Structures are given as C-alpha cells and as structure tokens.
Amino acid sequence: MDIAKASIKTPVNTWLLIIICLIGGLVGLGDIGRLEDPAFTLKLAQVVTAFPGASAEQVEREVTEPLETAMQQMPQVLRVTSISKPGVSEISVEMKSKFDGDQLPQIWDELRKRMTDVQNSLPTGVRPIQVFDDFGDVYGLYYALTAADFTPYQLREFSRIIRRDLLTVPNVSKVSVAGVLKQQITANIDTSQLASLGLSLPDVKQALNYSLRPYSSGRLIMDGQRIRIPVDSAGSKVDAIENITIGLPGTTSQIRISDIAKISLDVVDTPRFLVRHNGKSAITLAVAANREANVVEVGQAVRTRMSEILSELPAGITLEPIYDQAQVVDESVSGFILNLVMSVAVVILTLCLFMGWRAGVVVGGVLLLTVLGTILVMWLYGLNLQRISLGALVIAMGMLVDNAIVVAEGMLLRMQKGISALEASSHVVKQTQWPLLGATLIGIAAFSGIGLSNDSTGEFLFSLFAVITISLFLSWVLAITVAPLFGSYFFKVGTQTNEDNFNSVFHKKYRHVLLIALDKPGKTVLLLLGITMLSYYSFGFVKQGFFPSSNTPMFYVHYWGPQTRDIRVTAEFLEKAEAIAMKHEEVASLTTFIGKGGERYTLTYNPQQANESYGQLVIRTHERDQIPELVAQLNEELSALDPDAQIYMERIVFGPGSGAKLESRFTGPDKSVLRDLGEQALAILKADEQLIDVRHNWREKELILAPQYDDYNAGIAGVTRADFSDAVQFASNGLKLGKLRDGDYSYDIIAKAYNPTAKNTGQVNDIQQLYDAQVWSPYQRSYVPLRQLSPELKIQSEGVLIHRRNRLRTLTVMAEPGIEETAGQALKRIQPLIEAIELPDGYKLEWGGEFESSRDAQKSLGSGLPLGFLVMILITIFLFGRVREPLIIWLIVPMAVCGVVAGLLLADMPFGFMSLLGFLSLFGMLIKNAIVLLEEIDIQINEGLEPQKAVVEASLSRLRPVSLAAITTILGMGPLLFDAFFADMAVTIMGGLAFATVLTMIAVPVLYSLFYGIKQPELKR
C-alpha cells in the first residue's frame, strides 16, 4: 500500500487522524490525572508485637525470632528487618518486586494468617500481634491544626469534627489524626492509709472494673407500653471514679475511692508523640486521596471543605499546610507543561530557521500532533501527568522530529527538482518507512531496560518507557501520513538542479572535512579510537551519584538525644531548636515531630519509628537555593545547643529513598563484637575531615535500675513476680488499674503511690520511694516491704535496640558525604579503610545506602537490557539483510561515551541513574541516525551512482536531517537544565548527541568505505 499517496488522495482519513490527535489531546490534557511523582507501590508491612516487661534481648529471642522464622517461610518475602526493644518487637517485611499492588492484599492476608498461627506459641504475656499493611499509604495533603487560645482538649475535639467532615469529601479515602495530647485519670493513693485499712491494689482494681462496666437499662410494661429505665453515669470523669465505693475487708463498712486517693484528670505522664507547628502545639490531619483520583481536584475540594468547617468553628483556629501535594502537583505540572511548550517552540523555531518556514510548519505541526496524541493515549490508558512522564516527552522531543524531518526533507528536495507532491511523497515514504520504523523501534528498545525492570526504581520510572514508546511510535505513524499531506499544502514545485542542493557553506565545510577523513580512513579510525579510549579513562574522573536532591524547598533536621532521654526533655531541646531556626528569614514554615516521624506525606519520605530521644524539624524555605547556606548555619548553631545530641540534616531526594547515603553493615551473632566493629568504623569515619552526621543504629546503651528479686523470701511471703512487678510500677510510673470510656475517647486509670508526709518534707527521693515500696501478698492479705524481697537495686547498662536483617543481628554505621561531594566520591575514599577492619569468623561486612540502591537499580535495569539490545541488533540485521552495515552501527555505539564524559566534566555534574538512562537513549538516537545514513548510501548505489560518489552524496543529503535532529534535541533539552531531577540527564544527552552527530556523519562513511573497500582517489585531488 502506498501510504503517502493514500494520505494525500483521501485527505478526509488523514484529517480525521489529525482531529483525533488535536481535539482528543486537548480534552485529555484537561482531564488527565496529575501527580507530583509517579506512584510506586511500597511492598512493605510492619508487624508490631508488645511484650510488656521483657528486655530487648528477651524480646528478640522469644518474639522476634519466631515471628521472623514464620515470615521467611513465605515465598513472596524479599527481606525481613527488625528492631527489638524493651517490651516491643517491630518487624518490617518487604515483598519481592515481582508482586504488584493488586496481589498485595492477598499476600497481607497470608501474612496475618501466619502471624495468627504463631501467636499461640509465644510466651505468656505477649500481646496480640498487630499487622499494619497500610504502612506505605501516602497522605499527600498534610495539615497542622493550631489554636493558641484553646486548651489541648478543645483542640482535640476540633480535630475530631474536622476529620469527620473531611471523610465526606469525594475521593478522600483516609484522614489520620496524630499528635493528640492524651489524658489519663490519675489516682494518687495514700500508701500508708491503704495499708492501715488492709486494702490492696487488686481490691481497688476489682471495684473499678465492676463499677465502670457498661450500665444496663431496666424495662417495665405499663398499659401495654414498654418503658426503658436508664441508669445515668457519673456527672464527670473524675466523679465516676471518686464516688466508687469499696468494702473494707472483715467489716461491713464502705469507703469511697476519694477517701484513700486524690483523683485528677491529667496529661499522660509520657506522651508517645508530640507535634508543633511554627512554635505552637499542634495536631496533624493527614488526608489520603483514592489512587485513581486527580489529586489536584481532591486538594481543591478538601481546601473548600476546610474553609467551610473553619467558618463554623470558633475564631482563632488555624489549619495550615505542612505539605499540600495538590498545590505542589499543580505548580509542578504547570511548570513542566511550560517547559514542554518551550521545548516545542524552540524545536519549531529551529526548524524554521534551518529549513525555512514552510518545512518548519510541516515538521512542527507533526510534532505538535505527536505530543497531543501521546497525551490522548496516556489519558486513555490511565497514565498520569507527572515529573517522569512529562520529562519523557521533553527527552523524546528530538527523536519525535527525526521521522518527520526525514520525510519532509526528502519531499522538499524532490519537489524542488520539479517532481509533484504526490510522487515526491510517495517516493520518499516508500524508501524510508521501514528504515524509519526499524530506527524507531530501536529508539524504543534503548529504554526497554526501564520497562522490564521490576524493582521500585523501575516502577518509579516506568512511565518514562511507556511515554517514549507511545510518542515514538505515534511520531512514525504521523510522519508517513500527516507529513506528506502537510507537505502537499505548503511545499512548492520548483526547477532547482541537483548541483544546487548542497551548495551552502555548511555543506561545503562538511564536504571538505569528509573528504579528508575518507582520504585517510585508517588514521581517522585510529583518531576516533584514541578519543574514545581517552573518554573511557576520563570517565573515572566523573562524579558518581544516584538520584539528585528534590526541587521542593524543604529539608529535615534529625535530632537524636542520648538514648536514655525522656520525650519531655527531647521536646524542651527541640523547642529551643525551633526558636533558633525561626530567627532565620529563609524559613517559611517549620513543623516539629517529637518521639517519631510524621505521616508519610510523600512516597520518598521514610518516617522514623517511635523513639523518645528522637525529634525531627521539617523546615520549608522560600526558595530551594536557600537550603545549602541555611543547612550550614543550622548545623553549627544546633550542634552548640546540645553537645550530647546527634544532629544531622537531610535533603529531600527524588525517587525511592535509601536512608543514609553511606551505610556499612556489620552482621554477626554477638552484640559486643558488633558494637566493637561499629566503634572501629565510627572512628574511621569521624577521622575523615569531610564526612558529616556519623552515627550507628544500635545507639548507646541505657542505664537500668535492676531490683534483685529474691525467690526464696518471696516464696515465704507468698508474693509472686506479678505482685512484685505491680508494686514496682505503683511506686514509680504508676500501675494501670482500668479504663474509662467517654464518648469517642478512653482514659487509662493510673494508680500512683503517694505519701503526703514524705513529699511535704522532701525527705524521700524517687529511688528511696521505690526502695520503701510495699508489696501486697495475696496469701497473707498484708503488705511486705520491697526491700525484704529485693535486698539491693543494681545500676546496670543494657542495650535497648537490637537490629536484625534477614534474621541476623546487624549493626549499621551511617554517614553523609560532605556538602561539596557525592556519595560515590566519599565511598571511594572510605571503602578501603572500612574493609581493612579485621572481621572475626562468622561476621561479614556489607555496603548499603546509595551504593546498594544504585547497584540494585542498575542490576534490575541491566537484567532487561540484554533483551533490548538483542532486539536492536536483530532489527539492524533485518533492515539491511547483511552483516557489514549492522557491524558498522554497533562499532560506533561505544564511541557515544565521548560527548557524555566531556559534557558531565564541563558541567561538573554526577553520572547518576538518570544520566544512565540518558546514555542509553543516546544509543537509540545514534543508531537511528546511522540507519538513515547507511540506508541512503545503499539506495544511491542501487540507483546506479558510483560507490565513491554515493558515499559522499548520501552523507551530504543526510547532513541536514541528522544535524537538525541533533540540534532540535539539544535545544529541546534546554529547559531541563534548570530541573534538578533531569539536569544530569539533559547534559548527558546534549553532550553525547553533539559528539554522536559528528560521529555519525564522519565515522559511518569512513567505516563503510573501509568495509566495502571504496577508495576515492579522484575526490582527493
């Protein structure tokens, strides 16, 4: 079928295709989903199991170990990591990357079943196992609720109202509230009075449980009508406790709880999590949208509903965004669309400048339709507009015009010789349609490693492959259908002779250089080979990276106090840190999380697990460029604030997070040996003058006050360990006696020992009060002094964090590279020093951090590359049906590194994962240009032209299409230079393509002449 003739003769069909691309693309652009970054599934769940009273080692041995064993029997499991702490086991289980999001619910159900099966085998006292499979949920709309003129408890009620109403907003799936200041009912019990009355804590607990049970209503029948008789509860929470009566043993007397205890409603002694926003106490509301929803529209609906809710609540309540993904997405996508429009405009302007306005309009029109058609297909297939997909359109820009340029150029030249538009287009399309299709498929195959990569990085970048595939294939379809039709409208039939075609200064200069190269083919090849070898050597001087820092003007300050630090002391230090940070004019807003990290508000944010000594400042600046200087200033100021703390800064990065950029993991059985190896590694890293934020994840040991329980004396006294434990809690932080439910809230009832005389005279400190505690003996119905059951209290040190990785104890030493260096540079310097540490038998060292993430991503990418390269090789062979042309093409492919190295070194940019993708795309561009040139040489020889002249004439005829494709691609990359995520890729493609174009136009003719023994003595003169 003659596609070009059909397109011109029956323009209705072609115009239908044009209208579909144009109108459909505009409609799709308005309705297509928008995200900040592409969604990727966190195949991660967290299993938390409480074992009150157990040490970290006991938790590891009796809870973590059996749970991990059950998990690793699941064939879907990739990795299991755990932290064993006093009283709690936290296990993170990650599934293999080959399982997609649709399969995960079934996998989590299987995980729960296995955990249920192992529950019965756990020791007595272990609480029910909790499986959190929503650990990877992202709350893209994250707000801080503050109300300076209201109490924390009123603020709690406001958050409940707002949460309830936000859940009614369409496409809102979850609303999580955190940072609520919880209350408890404290019963300060006079211990001496309790003992004199012969009452025990179990007696009080039994009375509470009996009296606070749900009240049942009575019922009477009167005249056939039923009448309910409700029993009212106490008037207040405190009254509900104070008025409970207890019978005195051995008597008929009754006393009220208030007779032996002072009841009060207090803030919990040890809050689990505190939030502050811009220096004020706050509660966070995190809103998650449905995955299929347009987050921009959801964000607008949420903001509208919030305004309505706040107008109905008292004045003085503020709800400020910590992170508004809807606004970020709107600005990000708008910015990228602007970059896309600029790229299209630059390409069209360049084409008009070099090819004339008529050819520029033809090729530019095809380019515009290709972009809009691609957006239409993306919309139909559920691909969203986000950083990667829009960037892919810009990356593909140069390749998108290649096909149209070749068709338009050939058609224009033939029409200038007096051939009609119909015959010119038919001739050009018949000659080039299959080579162009093959070259297009090769361009697609160059990115196949991304499409076939099944890890999180590949999932994150999949839309890059998908969009490039759609756009390149569509560009070929439109080039052989729409370009001929537009050419018939705009190109004019002329009378120009063949000699005039290549008479420009540009062509003359190129002819001169080409003839010199063809005259000395051996020397030319050696020169190119020398340049290539020098470039590979120079590649060692290029900085190595992974993903760059984000465009978002935010960064984190991580604060780690001593491991024994109480959360309230941590909060005091962080309030001081807030005040220091907020003095800087660069700070636009500041949110503080104390006790753990915040909700996962973006996929790349990895919240820290609960730890009382931990705090985090999330600082937003006015501009991204203000961050480096502010980080340096805060590093110095905050370090002086608390010399005992570890304070380090972290920039937000693109792509899946990897924790610290430098990580060395020591694995082995003995905790002491692991700590010793960790200390050796810490000493090496701290001695380095450039590394910052050096630390390890096991942290320092804690001091404990260990009562020495005397089993013999306890047996004589009739006291069990449970009785002893209750007495210790009662005399220290308080013993939980029960729970009072009031509406949506519940309050723990905590009993605390209270000695009015001792407190008033100040004679007894906390340790003495514990030593003087009384232990109730249920067998003797009397109290026994604690010192009789525990002759001494010993102060000991204890490791409280035991990290494991795949069931092996693992201590990880972490650091961050200096401000002016990449992780690759730092690793190259410290790796031999760390690896020189002598490891005992049974211990090993592994490297994690950015090194591991980059290696895994490249490994996953590389697993798909062989198939992609095989497809590329087979296509080149099928296109030519011979071996020599494909051999020429694949001999020049390795030379593409020359421009890449030069560009990255001149721009002082690292070779990261995105640079690697850009490098792979160069293969497609280079091969595509080489195919077009070699095909033209073969065509001219087949038409009867002498081989010597055919090589030169074909090269001259392809000079403008190849050069224009390179120029438009390079200029189209310009807007990406200002985007942190794509900057190194843009430099890679721009530098690599500039050299690759020269390579194609010189190396291909020279190698062709050598392979076919073509000499040009007559042209030498």
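Residues are termed buried under 20% relative accessible area, exposed over 50% and partly exposed in between, as computed with a 1.4 Å probe on protein chains only. By this criterion Arg 781 is partly exposed, at 39% relative accessibility. The structure is a predicted model, in which local features need pLDDT of at least 70 and side-chain atom pairs count only at pLDDT 80 or more, while totals for chains, interfaces and linings use all residues. Residues are numbered from 1 along each chain as its sequence is written, and side-chain values use heavy atoms, with hydrogens and water left out.

A search of the whole structure identified 40 salt bridges, each defined as a side-chain nitrogen of Lys or Arg within 4 Å of a carboxyl oxygen of Asp or Glu. In one of these, the side chains of Arg 781 and Asp 203 meet at 3.3 Å, N to O. This pair links distant parts of the chain, 578 residues apart: Arg 781 lies in the loop between β26 (774–777) and β27 (782–785), and Asp 203 in helix α7 (residues 201–211). Helices (H or I, at least four residues) and strands (E, at least two) are DSSP runs numbered from the N terminus. Asp 203 is buried, with a relative accessible area of 18%.

Arg 809 and Glu 57 meet through their side chains at 3.9 Å, N to O; Arg 809 belongs to strand β30 (residues 808–816) and Glu 57 to helix α3 (residues 56–72), 752 residues apart. Arg 809 counts as buried at 14% relative accessibility, whereas Glu 57 is partly exposed at 34%. A salt bridge also joins the side chains of Glu 60 and Arg 804 (3.1 Å, N to O). Here Glu 60 of helix α3 is paired with Arg 804 of strand β29 (residues 802–805), 744 residues away, and both residues are buried. Salt bridges with shared partners unite Glu 57, Glu 60, Glu 65, Glu 68, Lys 671, Arg 804, Arg 807 and Arg 809 in one network.

Nonpolar cores were defined as sets of buried Ala, Val, Leu, Ile, Met, Phe, Trp, Tyr and Cys residues joined through side-chain atoms within 4.5 Å. The largest comprises 144 residues, of which Ile 395, Phe 447, Leu 461 and Leu 464 touch the most other members. Helix α33 (residues 913–942) supplies the largest share of this core, with 17 residues. A second, separate core of 31 residues includes Ala 187, Ile 244, Ala 751 and Trp 776. Helix α13 (residues 387–395) is mostly covered, with nine of its nine residues buried; among them are Arg 387, Ser 389 and Ile 395.
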